[in-house]
Amino acid sequence: MPHHVPETHGGWIGPDRPGPADYIAELWRYPKRAALHRDLVLAWVRREWRARFLGTALGPLWPFVQPLALFLAYAFVFSVLFGLRPVAPDASPALGAVWIFAGVLVWTSFAECVSRASTTFLEHRNLVQRSSFPADLLVLQPVITSFATFAVGAIVFLCVAWFVAGTHPSIAHIGLAGALVALHLAWILGLGLALASAQVVLRDTASLVGVTLTVWMFATPIFWVADPAALPALEPWLGWIEANPMHSLTEAWRWVLLGESAAPFARAELTADLARFAPWAFGALFLGLASARALRGELSDEVAA
Amino acid sequence: MQPRYALEAQDLGKIYRRWNGPWARALETLTRGRKVGHREVCALHGVSFQLPRGGSLGLVGPNGAGKSTLLKLLSHTTTPSVGRFRTNGRVASLLELGAGFHPGFSARQNAFQNAVLLGLSARQARQRVEEAIEFAELTDFADEPVGIFSTGMAMRLGFAAAMCVEPEVLLLDEVFAVGDLTFQKKCVDRLASFRDGGGTLVLCSHALYDVRQMCDEALWLEHGRVAGVGDACEVTHAYAASQRDEEGRRRLEAAQAPRVDWPRITGAEVVLTHTGLPTRVVRTGEDVEIQVKWENPDPKGHPVQLGVGFVRGDQTLCAAVATHHDGVRLAGSGGVCCLRLPRLSLLAGTFLIKLWLFDDAGVFRYQETALDHDLVVRGDGREVGLVRLDHTWRVEETPELNPWVVSEPVEVSP
């Protein structure tokens, strides 16, 4: 019986003072916990999904309205008002639009996940304060919800992109998609855990996350292409842009979703993007797991204050 | 080998840290504790106890004594700052009914969520949720959103959803009987069957009667420390007595600044009639006098009346008599007023004797005080209750009730 209600047999429970070994052990204890309580996590995800669309007529269509509106607004501002061609002059406009939209999909799901995750513990303070359950699993809910939304969005996107621009994923890149999914999940889970923990201790975190996300979005090649041929002013910043983990992540997804059609726009090969992104993903994951572990003993007291 | 104890705590303590603001906290973290930015609040200190399997423990104490903190520790909701504890068996806690219910979801969905949260697998939860909904008598409302439920319905659902986990150790904070009287009975029966099945119960309640009924043992907390532990009746009585003394002390302090020229009580004693000597211990059925010495500087301006009340350890006012009820007057500027109690009918217990000096109408209280010691009454029979009723028995050999009515019907003339 997978009972997470503490079922100890003679094990003493004293003050929670985790040592370095406990932090490292979280790397396998957390997934183990998640597997043990998968029913709980799935129930949360279902509940969140239902709660979000409770009383709405469009229901699950709403997650696609946001990236679409973003895309249309930016397309209007950049292409129509400013007359900018954010993509290389020789590329077809349809391909450029598809390239940009792939990035928007990744970004909106990332931004939604991070901003929702950062308030997770406080949002569920009722539960955290009054019942005993592995509270750090709560963060899985925004992570899974946002990633599932992204996955569904990506499938819809693949059909539309094939229809509009004739793009299709290539076998060579699909092989690495598994690694990309794993790194993507590690990245958002890690950031989510770290920010959720930080928010409990310092309530400025959520506001800070909002501001950072806005700045970060413009600093990342989402609505523009990091191509000095199209935007010559980019030249001195190229090093910074490539160091940005979100650049590597969006570009990797563009490779996976668009296949060979991504070649004219991409700054690096898919493998290079993944190699650059991996340390960020693992670093974030470890930071997140460690901060959640450090907070565990005091979580229910901290959310009360 | 199974451990003997379902719950065991050793020197358990909880210290909450109150930060002097986010900057102070950041500074303390950055200086690695050299610059202290918090003060510590000790919510619980040095609590040790053992509770055997199938046992039951009541937690009593005034607000803020640490009862809820202790329950939170035992339910693993928070971790101890000092000391340690262990639990043996599946622990479920009901710290608040329906914590985490979503108003937009149906009763069934919420109950399922709750069951999964309390540790059931999805399959188990689906089975038990139906039982829970039936238990809560909400079958007709199972698919209605909880938001439209009445408070009672939501609480019924909360109780049923929590109990469907079938724990081995159950921790309850004030909530164990909810809804209307019929449903409360159901809750109590459910808890009784839980206990009969060998379940271990920890109950925190201000209702001392409930603690006495439901628990074998009690733990009395005061300012985060153990003030008493042991048999539930003894501990709850001791706690009630201390509460009563505290209340008496507060009232006396408030009333202690009377005007100098007002009437007052200057002394009082309990005297055994047959010896004429003051006493603190009497037996049920003995003849007793309460002698009260009083002064009245202004008998014309402030005529007085005396009231005497008997308050048992659990704060039940057992009886109270007053001179103005019996048409007696306390004339003059002072003296001793004796209340004679032939064949004292109070049964065993410890009683506080309260004294009131009223105005002539028995409304305004010049003074409210009590004897400086309790009166201990020892019983000699096996009677239970508050008082011994004057009584005789008669046994008739007839199958009918009220035989004299049946044999001699009363004729009513129009």
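Colleague: Which residue stands opposite B:V288 in β12(B)?
Modeller: This is a predicted model, in which local features need pLDDT of at least 70 and side-chain atom pairs count only at pLDDT 80 or more, while totals for chains, interfaces and linings use all residues. Residues are numbered from 1 along each chain as its sequence is written, with chains lettered from A and ligands numbered from 1 in the order in which they are written. Helices (H or I, at least four residues) and strands (E, at least two) are DSSP runs, numbered from the N terminus. The residue opposite B:V288 is B:L272.

Colleague: How many bridges join strand β10 (residues 264-272) of chain B to β12(B)?
Modeller: Two strands count as paired if DSSP finds at least two bridges between them. Here the sense is antiparallel, and the number of bridges is eight.

Colleague: In which order do the strands of the antiparallel three-stranded open sheet of chain B stand?
Modeller: β12(B) also pairs with strand β15 (residues 334-341) of chain B, antiparallel over eight bridges. Within that pairing, B:E289 has B:R340 as its bridge partner, and B:W294 has B:G335. β10 and β15 of chain B each have a single partner strand, so they stand at the edges. The order is β10-β12-β15.

Colleague: What is the average twist from one strand of that sheet to the next?
Modeller: Axes are lines fitted to C-alpha atoms, for helices over the stretch in contact, and angles run from 0 to 180 degrees between N-to-C directions. From one strand to the next, the twist averages 20°.

Colleague: Which residues form the uncovered face of strand β12 (residues 288-295) of chain B?
Modeller: The covered face holds B:V288, B:I290, B:V292 and B:W294. That leaves the uncovered face to B:E289, B:Q291, B:K293 and B:E295.

Colleague: Which two strands stand at the edges of the six-stranded sheet of chain B, each with a single partner strand?
Modeller: The sheet is open and mixed in pairing, with the order β5-β6-β7-β3-β8-β9. Neighbouring strands are turned by 15° against each other on average, direction ignored. One side of each edge strand lacks a neighbour in the sheet, because each has a single partner: these strands are β5 (91-94) and β9 (225-231).

Colleague: Which residue of β6(B) is the bridge partner of B:S93?
Modeller: β5(B) and strand β6 (residues 169-173) of chain B run parallel, joined by four bridges. In β6(B), the partner of B:S93 is B:L171.

Colleague: At what angle does helix α2 (residues 67-74) of chain B run to β7(B)?
Modeller: The helix lies across β3 (56-60), β5, β6, β7 (200-204) and β8 (217-222) of chain B. Its angle to β7(B) is about 150°.

Colleague: Which element gives the most to the side of domain 1 of chain B that touches domain 2 of chain B?
Modeller: Chain B has domain 1 (5-90 + 167-241) and domain 2 (259-378), with bounds from an automatic or database domain assignment. Their C-alpha centres lie 40 Å apart. Four residues from each domain take part in the contact (C-beta atoms, placed from the backbone, within 7 Å). With three residues, the element giving the most is helix α8 (residues 232-255) of chain B.

Colleague: Is B:L352 buried or exposed?
Modeller: B:L352 lies in strand β16 (residues 349-359) of chain B. Beyond its neighbours within four places in sequence, B:L352 is in contact with B:R244, B:V311, B:A370 and B:D374. A residue is buried if 20 or more other C-beta atoms, placed from the backbone, lie within 10 Å of its own, exposed if 12 or fewer, and partly exposed in between. B:L352 has 20 such neighbours, so it counts as buried.

Colleague: Which strand supplies the largest share of the side of chain B that touches chain A?
Modeller: The contact takes 36 residues from chain B and 32 residues from chain A. By class, the chain B side has 15 nonpolar, 16 polar and five charged residues (Ala, Val, Leu, Ile, Met, Phe, Trp, Tyr, Cys and Pro count as nonpolar, Asp, Glu, Lys and Arg as charged, and the others, Gly among them, as polar). β4 (82-87), β5 and α3 (107-117) of chain B each supply at least two residues. The largest share, six residues, comes from β4(B).

Colleague: What is the radius of gyration of chain A?
Modeller: Chain A has 13 helices and zero strands. The radius is taken over C-alpha atoms, and the globule rule is 2.2 Å times the number of residues to the power 0.38. For 305 residues a compact globule would be near 19 Å, which agrees with the value for chain A, 21 Å.

How values were computed:
Contact = placed C-beta atoms within 7 Å.
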